[in-house]
Amino acid sequence: MAASVEARKAGASVLLLDEQDAVGGQIYRNVERASSSMRDVLGHEYRYGGGLAKTFAASGASYGKRSTVIDISRDGWVGYEHEGNVSYVKAGHIIIATGAAERPFPIPGWTLPGTMTVGAAQTMLKSSAAVPSPRAVLAGTGPLLYLFAAQVLRAGRKLGAIVDTSPRIPRLSAMRQLPGALRAPRYLMKGFGLLSAIRKANVPHYWGAIDLRIDGLDKTESISFSVGGRQHRIETDLVLLHQGVIPNIQITQALRCDHRWDELQMCWAPKLDIWGRTSLERIFVAGDGAGIGGALAAEYRGRIAALGVLADTGKLAKDEASRIAGRMRQALNKELAIRPFLDQLYQPPPSPSGPKDQSTIICRCEEVTVGQIGEAVAIGCAGPNQLKAFLRAGMGPCQGRMCGLSVSQTISEMRDVPVTEVGIYRLRPPFKPVSLLTLSKMSIPDRQKQERRQ
Ligand SMILES: Cc1cc2nc3c(=O)[nH]c(=O)nc-3n(C[C@H](O)[C@H](O)[C@H](O)COP(=O)(O)OP(=O)(O)OC[C@H]3O[C@@H](n4cnc5c(N)ncnc54)[C@H](O)[C@@H]3O)c2cc1C
């Protein structure tokens, strides 16, 4: 939305394609329609999104809702599915702003009905005012986990427990980042506020939990974990897992843009120049897809990317674009000052395979387990792309969005080599599942066909 508004200010023609049926993305989901009481539950940051949505609506940008981008070519053809039909548009420049996805959390039992992610539960809260059952256990770590806990409590609902995988006393590595974080005191205060709301509500809070597992015959019945050598088991029919978010890089991967491994955020991110330009000249990335920075950082990155496009196309003089972008970058850096602290404070375990349970599913679409990946690695499978041929991992409906990172990290751990040596899935369109009927009606523009053949 921010990129569209900025581009429209200089008169650029803008089409925003979004698979949702209303603007707002993750953080401001359903913001135009949420009731006043729901806005109270979700907090003042959520309310702020209402203003952004209004500015976007007045910007004159074309808005394609329920339009899922399934294909982008390196020369600017964008294919999107809308109500069962695929259309292609040719763009001069493309800004990919597909946001973040939750970091996969593969532990024994995580695919049982009754276990889902905190993000999914929050999506239900925002879109349908659905509040989890009072026996729900939140497990894992990261700001979104505490934010959601506080939102549920604000909605007047209790929680069964919080099973925190981060230590009660912050690690030294996190404390070292505290001076930088003090440049963004607002976020520190927000964090204290969330934790104190949880404490006041007397939610049982276990810190430093390891070896999490979910048990149940055909649905979630309990979560077990150990803290300081002591074993715990909580009976519950709903476990909500979360261990941070990572950039959604599916499209930049499919475009074969250059990527880098971010050691601190433990994820892949596209390599970008100061405007957000990828290794492809006319393709930019903005928002959390460029690296996790939060909603305001996403907005600044959107505006900077738009300014880059405006400078490229001559809609704005380069000097003027640089001047405005300079101001934005200062604000962006201020927003990002808290990140190293948060990234260290809520660092997930280095390996997703967690407890050495060979039956833990890593790729849930194809039901590929840790043990099966181990067998493939033992007979020479070197990386995720080879694993597709061995086990079809990453070839199910999610197209590797859920398991990509865990597969790379698991193979890296098993081979005892850095994850950068193991690499990531090479993805291909369609980026999201498309029905056969839709495919049968689809025609790909000629120039793009040529590019695909090359
Ligand atoms: C589940 C979840 C919940 C979160 N909740 C919060 C929160 O409550 N508070 C907070 O501060 N931060 C939250 N975050 C972090 C947060 O997402 C951001 O900091 C912020 O929303 C980033 O903005 P963005 O514009 O980069 O991405 P987003 O807001 O995620 O917007 C990306 C948009 O791209 C669309 N999209 C993705 N792929 C396609 C495609 N192929 N075709 C068409 N459209 C596509 C998505 O539907 C979405 O509307 C959450 C993250 C996740 C993963």
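Does Lys 190 count as buried, partly exposed or exposed, and what is the relative accessibility behind that label? Lys 190 counts as partly exposed, at 29% relative accessibility; the classes are buried under 20% relative accessible area, exposed over 50% and partly exposed in between, with a 1.4 Å probe and protein chains only.

1. Basis. This is a predicted model, in which local features need pLDDT of at least 70 and side-chain atom pairs count only at pLDDT 80 or more, while totals for chains, interfaces and linings use all residues. Residues are numbered from 1 along each chain as its sequence is written, and side-chain values use heavy atoms, with hydrogens and water left out.

2. Glu 45 and Lys 190. The structure holds 20 salt bridges, a salt bridge being a side-chain nitrogen of Lys or Arg within 4 Å of a carboxyl oxygen of Asp or Glu. One of them joins the side chains of Glu 45 and Lys 190, at 2.7 Å from N to O. Glu 45 belongs to helix α3 (residues 44–57) and Lys 190 to helix α8 (residues 185–200), so the pair ties together parts 145 residues apart in sequence. Helices (H or I, at least four residues) and strands (E, at least two) are DSSP runs, numbered from the N terminus. Glu 45 is partly exposed, with a relative accessible area of 23%.

3. Glu 335 and Arg 186. These side chains meet in a salt bridge of 3.1 Å, N to O. Glu 335 is in helix α11 (residues 318–336) and Arg 186 in helix α8, 149 residues apart, and the pair links distant parts of the chain. Glu 335 counts as buried at 10% relative accessibility, whereas Arg 186 is partly exposed at 44%.

4. Arg 213 and Asp 357. The closest N and O atoms of this salt bridge are 3.2 Å apart. Arg 213 lies in strand β12 (residues 209–215) and Asp 357 in the loop between α12 (339–345) and β20 (361–363), so parts 144 residues apart in sequence are tied together. Arg 213 is partly exposed, with a relative accessible area of 31%; Asp 357 counts as buried at 16%.

5. Helices α13 and α14. The axes of α13 (residues 370–378) and α14 (residues 384–391) come within 11 Å and cross at roughly 105°. Axes are lines fitted to C-alpha atoms, for helices over the stretch in contact, and angles run from 0 to 180 degrees between N-to-C directions. The two helices are therefore roughly perpendicular, a class that spans 65 to 115 degrees, against under 35 for roughly parallel, over 145 for roughly antiparallel and oblique for the rest.
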